[in-house]
Amino acid sequence: MKQSRRYLVGISALLVLVVGGGVALGRALNKDDELAEDGTPKSMDVILAEIRSLMQDYSIEAYIVPSVDAHNSEYISQHDRRLQYVTNFTGSAGTAIITLGQAALWTDSRYHLQADGELDAAHWTLMREGLPGVPTRDEWLLANLSPGALVGTDPFLIASTEYGRLGSVLAQRGYRLIALERNLVDIVWNNRPPQTADELLPLPLAYSGRRAADKVQAVRVTLQEHGANAIIVSALDEIAWLVNLRGSDILYNPVFFAYLIVSHTQLHLYTNADRINATVRAHLASEGVGELEVRDYRDILPGIDEYVRGGNRLMVSTACSQALYAAIPADQRLQQYSPVAKLKAVKNAVEAAGMRRAHVRDGAAVVRYLHWLEQSVDGGNVTELSGAAQLHDFRRQQDLFVDLSFAAISAFGPNGAIVHYSPSEDTDRPITRDGIYLIDSGGQYLDGTTDVTRSVHLGEPTAFQRECFTRVLKGFLSVAAAVFPVRASGTTFDVLARKALWDVGLDYGHGTGHGIGAFLGVHEYPPSFVSNSASPSNQGLVENMFSSNEPGYYEPGQFGVRIEDIVQVVNATAATVPYDFNGRGALTFHTNTLVPIQQRLIERALLSPAELAQLNAYHRRVLEEVGPLLLQQNDPGAHQWLTEATKEMVAAS
């Protein structure tokens, strides 16, 4: 009897729990901290043994631990780092599956090297996704379960679309995927950091460019068009954008933990009520937000149930959790790609102008850092960590700076081959003139978010390093110069970026571009430039979307090369595209990032005259726009360095 009460099977059982008040699942959202009595860290042996004991109590043979939080966030708070707690893997994307006798972690090629160094091979098997012979999670489960086995997961930590897909795969072989009432990792995590609920920052119209009331009205138009009575918004960046509030609940991400239900007449905000103070309420009133009811964050399921019992038809995103999805009967549920995400992805004129201004200041910070690095490297005391700290300091000196947009990927030599490497005290390497240094970093400013990568060699690069860098550069320039029709697929640009590498049998294992927020997440979708045309975030490009352009190449154990700028989708001129795709509309990119590309690493013979002209034109822009700011900041040395770094390149003789 004890075991039968401990899990929920499918949607109907979850609905029974919701109607009963949502108490059990509501607790899974947040506060399990009172369960911890002894905060002594546990060994991996103990953690896995305790989870397996709970699995036996719940009668499940496999338990899935994803890397996301209840909002399907890529970057998560310390409170939600369940995957890291059970595996020691610190990457932002991965899935663990624990059985009674095995434990395996799946992650993509960005993290293969990192995971290999972080996992304890005595307890964990690394599954390098995408490599030949590596089973998928589905294949592995089907090969390792006994007849009729149950597979458990936390319904708040799995997207409803994935829950349905995986459930169907398992059911075809006689297995069942079930939603547990409690998260097993939370139960055993005795020294879990508390959840954050810091003060909120109202974002003035001078930076948001559009009142919250107007954004909410646009959402209500969508509801009307689809015959829905309300929408449940669960993505944190969408909520922050919609109400023009920013937070700090997740490091480097100006968001706050909340859910939002928007109906035709009301807004229900589920968050920590204490931070909706007089200042925030005054802001919302000035934004034209009408009736706003604030409820406790953990009351989202009872709140949904009120709408359900009222006979309302509710819209949810394809990325919403299974817990939210299952709380709505099928005949009252409408699921589609988030309309809020689509609205947010197209920046208004104020946001677009702010992004451009932020990149000028950010460019000045990065130029000052690269000049400082060139001047300081021979001292022998510059390391990946100290270099990243110095760059942070240069950004901190810029107007409207709030924080970094992510922890800098400051990677020298072989560490550069780890795509999402983050230096630590254990891995910190000195930066010298004997290898390639890759610095991928960004800032959060009140008027925009930045993300830039430059790869530099402070000594004499090898011929192979120059070839790799130049082939990456050719793809980078090809994307930057692209002309394309409205709603062009992101797969187009992925191919453009890879061709020069593919020509000689080289490639990279990550996407070519991701959307970026306006003082929001450094990764935002849509748009996305990826190989998979079926990716949900591949919504097609329209004017005033912003994306990264970041091809790369990584030689394991030796070096990594990546060049990354943020580009803005703009209208192409009629002179450039006279036929305008038969009236469909022609678009191109404007490059926002303003940081020179190191000429020392370029093999000029591989660049065409058109590519040289494009690079020279870009470097003239960098000098014209960033140079005056360097002089204003009283850094003539950096200005002189920039003048040299942007000098015109001529074709190889």
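Predicted model: local features only at pLDDT ≥ 70, side-chain atom pairs only at ≥ 80, totals over all residues.
Residues are numbered from 1 along each chain as its sequence is written, and side-chain values use heavy atoms, with hydrogens and water left out.

Helices and strands are DSSP runs numbered from the N terminus (helices are H or I, at least four residues; strands are E, at least two).

Let us start with a single residue. Aspartate 80 sits in the loop that runs between strand 2 (62-66) and helix 4 (82-87). Is aspartate 80 buried or exposed? Aspartate 80 is buried, because its relative accessible area is 5%; buried means under 20%, exposed over 50% and partly exposed in between, using a 1.4 Å probe and protein chains only.

A contact means heavy atoms within 4.5 Å. Apart from neighbours within four places in sequence, aspartate 80 is in contact with Asp69, Arg192, Gln195 and Phe257. A network of salt bridges links Asp80, Arg82, Asp186 and Arg192. A salt bridge here is a side-chain nitrogen of Lys or Arg within 4 Å of a carboxyl oxygen of Asp or Glu.

Lysine 42 is partly exposed at 25% relative accessibility, and glutamate 50 is partly exposed at 28%.

Other pairs lie within a helix. Aspartate 393 and arginine 396 form a salt bridge whose closest N and O atoms are 3.2 Å apart; both residues belong to helix 17 (residues 384-396), three residues apart, about one turn of the helix. In helix 18 (residues 463-480), arginine 471 and glutamate 467 lie four residues apart, again about one turn, and their side chains meet in a salt bridge at 3.0 Å, N to O. Arginine 471 is buried, with a relative accessible area of 12%, whereas glutamate 467 is partly exposed at 25%.

## Helix 6 and what covers it

Which residues of helix 6 (residues 137-144) are buried? They are Asp138, Trp140, Leu141 and Leu142. The elements that cover these buried residues include strand 2, strand 3 (95-99), strand 4 (103-107), strand 5 (125-128), strand 6 (150-153) and helix 7 (160-171).

## The second largest pocket

Rolling a probe the size of a water molecule over the atoms shows where empty space is left. On a 1 Å grid over the protein atoms alone, a pocket is an open set of points where a 1.4 Å probe fits, with protein on both sides within 12 Å along at least five of seven lines; its lining residues have an atom within 4 Å of a point. The second largest pocket has a volume of about 310 Å³, a volume being the space filled by probe spheres set on the points, which are joined across faces, edges and corners.

This pocket is lined by 14 residues, and Glu374, Gln598, Gln599, Trp641 and Ala645 lie nearest its centre. Helix 16 (349-376) and helix 21 (636-645) are the elements that give two or more residues to the lining. The lining divides into eight nonpolar, two polar and four charged residues, where Ala, Val, Leu, Ile, Met, Phe, Trp, Tyr, Cys and Pro count as nonpolar, Asp, Glu, Lys and Arg as charged, and the others, Gly among them, as polar.
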